[in-house]
Amino acid sequence: MHVLGLSLAVSMSTTTSFAEIIMNSSAAAPQSSLSWSSEQANQFLSDGSDADDEPSPLGSTTVTTTIRSQNGQAVQEPAKTVQILDTKTYGTQPSVNARSALVMDAQTGEVLYSKNSNTAVPIASITKLMTAVVISDARLNMNEKITLQQGDFSCSGCKSSSSTLRVGDTMNRAEALLFALMKSENPAAAALARTYPGGRSAFISAMNSKAKALGMNSSKFLESTGLHPGNKSSARDLGILVNTASQYGLIRQFSTTASYDFNLGYRVLKSNNTNALVRNGGWNINISKTGFINEAGRCVVMHTTLNNRPVVVVLLGADSSAARTNDATRLMTWVSSLPKQRV
């Protein structure tokens, strides 16, 4: 699928605007990945639902997204004009504990809230969202069995971490991706990179190439789990990544699965989503990923729908899980009260 040209009315700069990058990144996600991955992955999901049949969280008014007609054919909508608006028109904004934050209208690229959003910082397991995008782009066999190896449990320069997984555990690729997105299991994310065509080095190259193609100019990836503090990005760049990831049905479904019992044959791992807002319900969350290492603090990224507006929320460097959740709740409550802009 090619990127469509856009006519943009940009009030802040004559260079490529943030809104333009957002619109183009939405168009860059390959629609073909949704059907193959969701159909195969759903063979082991208990509810049997098909994520490819879900309506796009961006809706039919998205500037450059694709929608599926009833006969399964991808159809593109015409480009529309968007404008970057001054966030100060919204008056008093909530304060957040996180060191960096971004709230963005996912349909127009309008920035609703920003705090240190251009500063590149360690992003911990938010890295796994890019891991999921690269895996989805590759259209690999999601039923292929993957056996965890000792090297999947550590990497040079990475922080130590605990895991309920063990060397020798075997799962299919879709289960490994679900482990990585829902439960943030690092060995699963490492194994996904190891079993990528060309191995880990090819996978890391693909991660950085994808970031460059999306306009994530402050981002750098050194490995697939987020345990290396050298994995860095800005809240602005992650807004682009989240908006892109929202175009993949499989990532939407897996990252927002509240709980799942993984049957490894000889033991069952009862697992819950790492995001309390997903576990507890109450918000219409389409994409979710949390992260933590000491260098990054508590992080979360989400794509949600608030007051009929598709919104991306990025929080990096909160002091605690509770502070992260409180930040997200305050921002989403605030956005829910805003009038939706007509452009």
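## A friendly note on a predicted model

1. Let's begin with Lys289, which is found in strand S11 (residues 285-293). Strands (E, at least two residues) and helices (H or I, at least four) are DSSP runs, numbered from the N terminus. UniProt, in an unreviewed entry, places the feature "binding site" at Lys289. Its positions are given in the numbering used here, feature names are shortened, and annotations may be inferred rather than shown by experiment.

2. A word on what you are looking at: this is a predicted model, where local features need pLDDT of at least 70 and side-chain atom pairs count only at pLDDT 80 or more, while totals for chains, interfaces and linings use all residues. Residues are numbered from 1 along each chain as its sequence is written, and side-chain values use heavy atoms, with hydrogens and water left out.

3. Is Lys289 buried or exposed? Lys289 counts as buried because its relative accessibility is 1%. The cut-offs are under 20% relative accessible area for buried and over 50% for exposed, with partly exposed in between (1.4 Å probe, protein chains only). Leaving aside neighbours within four places in sequence, Lys289 is in contact (heavy atoms within 4.5 Å) with residues including Ser125, Lys128, Ala180, Thr274 and Cys299. Ser184 is also one of its contacts, and the side chains of Lys289 and Ser184 make a polar contact of 2.8 Å. A polar contact is a pair of N or O atoms within 3.5 Å; within protein, one must be able to donate a hydrogen and the other to accept it, and residues adjacent in sequence count only if both atoms are side-chain atoms.

4. Strand S11 also holds Asn286. Asn286 is buried because its relative accessible area is 12%. The side chain of Asn286 is joined to that of Thr305 by a polar contact of 3.4 Å.

5. Next, look at the hairpin formed by S9 and S10, with four residues between the two strands. Strand S9 (residues 259-263) pairs with S10 in the antiparallel sense over five bridges; two strands pair if DSSP finds at least two bridges between them. In the turn, Gly265 has a positive phi of about 100°.

6. Now for the nonpolar cores, which are sets of buried Ala, Val, Leu, Ile, Met, Phe, Trp, Tyr and Cys residues joined through side-chain atoms within 4.5 Å. In the largest one, with 65 residues, Leu129, Leu177 and Ile251 touch the most other members. Helix H4 (residues 173-182) gives this core its largest share, eight residues. A second, separate core has 23 residues, among them Val278, Met302, Val313 and Ala328. In soluble globular proteins, nonpolar side chains tend to be buried together.

7. Finally, the whole chain. The protein chain has 10 helices and 13 strands, and 57% of its 343 residues are buried. Among contacts between residues at least 6 apart in sequence, 67% join residues at least 24 apart.
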